[in-house]
Amino acid sequence: MSNRIAACYGLIDTRFGTVAAWLDKTGALQRLEFNVARELERAHHHGTPRDDAAVAEVARQLAEYDAGMRREFTLPLAAVGSDFQHKVWAELCRIPYGTTISYGELARRVGDPGAARAVGRANATNPIALIVPCHRVIGSDGKLTGYAGGLPLKATLLQFELSHTPPALFL
């Protein structure tokens, strides 16, 4: 587990807005946030240096995602969280690009079918938005539910992925 204060951060422009990427001292991604104003306050408060060159690999992989060419990220991750949160976040990374599942299904996949609310909370506290694809989890009724970046962004991300997913072939 990584310590709570990042070694540096960088800003990255994406088709979905500017994000702040935070790296730990080993270069692993600790946070990726769309709320840049809040993240800049955090950096100032902690005295964390800005180093856009340090986040170049994060930027490259996000650019590939933006171009519809990347469906999975291969970055070293160092999110701070409980064992349960890490279990949920790992399962989020197994949801295929362009698909969605419900919170109940996510709870079943982590081995605790009655824990949909706890899974929802772990999903909501995911510090590595987009790369750990919490936007792919929806309500059991098929409706979009909470997203830290806002429901319009969640809808945009899902529509983007759908538009870059090849149609299924029927045999």
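Modeller: Happy to! Let's begin with Cys 134, which is buried because its relative accessibility is 6%; buried means under 20% relative accessible area, exposed means over 50%, and partly exposed lies in between, using a 1.4 Å probe and protein chains only. Please keep in mind that this is a predicted model, in which local features need pLDDT of at least 70 and side-chain atom pairs count only at pLDDT 80 or more, while totals for chains, interfaces and linings use all residues. Residues are numbered from 1 along each chain as its sequence is written, and side-chain values use heavy atoms, with hydrogens and water left out.

The unreviewed UniProt entry lists Cys 134 under "active site"; UniProt positions follow the numbering used here, feature names are shortened, and annotations may be inferred rather than shown by experiment. Cys 134 sits in the loop between helix H5 (116–124) and strand E5 (137–138), where helices (H or I, at least four residues) and strands (E, at least two) are DSSP runs numbered from the N terminus. Setting aside residues up to four places away in sequence, Cys 134 touches Leu 92, Asn 123, Asn 126, Tyr 147 and Lys 154, with contact meaning heavy atoms within 4.5 Å.

What about a disulfide? A disulfide is a covalent bond between the sulfur atoms of two cysteines. Here it is assigned to a pair of cysteine sulfur atoms within 2.5 Å, and by this rule the count is zero. For Cys 134, the closest cysteine sulfur is that of Cys 93, and at 9.7 Å it is too far for a bond. Cys 8 is another buried cysteine, with a relative accessible area of 10%.

Leu 130 is buried at 2% relative accessibility and has a positive phi of about 70°, although it is not a glycine. Most residues other than glycine have a negative phi.

Tyr 147, one of the contacts of Cys 134, lies in the loop between E5 and H6. Tyr 147 is buried too, with a relative accessible area of 12%. Beyond its neighbours within four places in sequence, Tyr 147 is in contact with Phe 34, Ala 129, Leu 130, Cys 134, His 135, Leu 153, Lys 154 and Leu 157.

Three of these partners, Phe 34, Leu 153 and Leu 157, lead us on to Phe 16. Phe 16 is in the loop between E1 and E2 and is buried at 13% relative accessibility. With residues up to four places away not counted, Phe 16 also touches Tyr 65, Asp 66, Thr 156 and Phe 160.

That brings us to the aromatic rings. Rings of Phe, Tyr and Trp (its six-membered ring) pair if their centres lie within 6.5 Å; planes under 30 degrees apart count as stacked, over 60 as edge-to-face and the rest as tilted. By this rule there are six aromatic pairs. Tyr 65 and Phe 73 have ring centres 5.6 Å apart and planes at 35°, so the pair is tilted. Tyr 65 and Phe 160 form another tilted pair, at 5.5 Å centre to centre and 45° between the planes. This pair links distant parts of the chain, with Tyr 65 in helix H2 (residues 56–66) and Phe 160 in helix H6 (residues 151–163), 95 residues apart. Tyr 65 is buried with a relative accessible area of 0%, Phe 160 with 6% and Phe 73 with 16%. One aromatic cluster is formed by Phe 16, Tyr 65, Phe 73, Tyr 97 and Phe 160. Over the ring of Tyr 97 sits the charged end of Arg 71, 4.5 Å from the ring centre; the rule asks for NZ of Lys or CZ of Arg within 6 Å of the ring centre and within 35 degrees of the ring normal.

Finally, the core. A nonpolar core is a set of buried Ala, Val, Leu, Ile, Met, Phe, Trp, Tyr and Cys residues joined through side-chain atoms within 4.5 Å. The largest has 39 residues, of which Leu 32, Val 58, Leu 62 and Ile 131 touch the most other members. At least two core residues come from each of strand E1 (8–14), strand E2 (17–23), strand E3 (29–33), H2, helix H3 (83–92), helix H4 (103–109), H5 and H6. Leu 32 has contacts that include Val 58, Leu 62, Leu 130 and Ile 131.
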